[in-house]
Amino acid sequence: GRSTHQYFDDIRKASTSIRLPQQFATPAHMETLVPNRLLLEFAGANPSLKILDMRVGCAHGWLVSLEICLSKDLAPIACTVPTTCTAHTIRVAPAVH
């Protein structure tokens, strides 16, 4: 297995390898969008990602998570469980400074 240090180093590598789409990097206002559009925006900003490699989580019409499924070597892979968000539109809160 991997040491604790190696594990957290992998998490840092994975999180820094994902680029935020410009509109979500520092949002100044609330945005309402279709969950699939969020996936398309992330796929556009990260050419190695496919829509099936990500899952959107929402609650009461608000975005609560965007999960990216990765293999043990940190390569994007298709998620084994599909998106759990069934909302037609979701709200994305602005960045808090």
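Is Cys-69 buried or exposed? Cys-69 has 19% relative accessibility, so it counts as buried. The cut-off for buried is under 20%. This is a predicted model. It holds two disulfides.

**Disulfide Cys-69 to Cys-79**
- Cys-69 and Cys-79 are joined in a disulfide, with their sulfur atoms 2.0 Å apart.
- The torsion about this S-S bond is about 105°, so the link of Cys-69 and Cys-79 is right-handed.
- Cys-69 and Cys-79 both lie in the loop between strand 3 and strand 4, so the pair ties together parts that are ten residues apart in sequence.
- Cys-79 counts as buried because its relative accessibility is 15%.

**Disulfide Cys-58 to Cys-85**
- Cys-58 pairs with Cys-85, and their sulfur atoms are 2.1 Å apart.
- This link of Cys-58 and Cys-85 is right-handed, with 95° about the S-S bond.
- Cys-58 has 22% relative accessibility, so it counts as partly exposed.
- Cys-85 has 10% relative accessibility, so it counts as buried.

**Disulfide pattern**
- With bonded cysteines counted along the chain, the pattern is 1-4, 2-3.

**Largest nonpolar core**
- The largest nonpolar core has twelve residues.
- Its members include Phe-24, Leu-33, Leu-49 and Cys-85.
- Also among them are Met-54, Val-56, Ile-90 and Val-92.
- Helix 3 (35-45), strand 2 and strand 4 each supply at least two residues of this core.
- Helix 3 gives the most, with four residues.

- Leaving out residues up to four places away in sequence, Cys-85 touches Pro-35, Val-56, Gly-57, Cys-58 and Ile-90.

**Surface patch**
- Tyr-7, Phe-8 and Ile-11 make a nonpolar surface patch of about 300 Å².
- Tyr-7 is placed in helix 1 (residues 4-17).
- Tyr-7 counts as partly exposed because its relative accessibility is 48%.

Methods
Residues numbered from 1 in each chain as written. Predicted model: local features only at pLDDT ≥ 70, side-chain atom pairs only at ≥ 80, totals over all residues. Heavy atoms only, no water. Patch = residues over 30% accessible without salt bridge, like charges linked within 9 Å, V, L, I, M, F, W, Y side chains within 5 Å. Areas by Shrake-Rupley, 256 points an atom, 1.4 Å probe, with all protein chains shown as cover. Salt bridge = Lys/Arg side-chain N within 4 Å of Asp/Glu carboxyl O. Buried < 20%, exposed > 50% of the residue type's maximum accessible area, 1.4 Å probe, protein only. Disulfide = S-S within 2.5 Å. Core = buried A, V, L, I, M, F, W, Y, C linked by side-chain atoms within 4.5 Å. Contact = heavy atoms within 4.5 Å.
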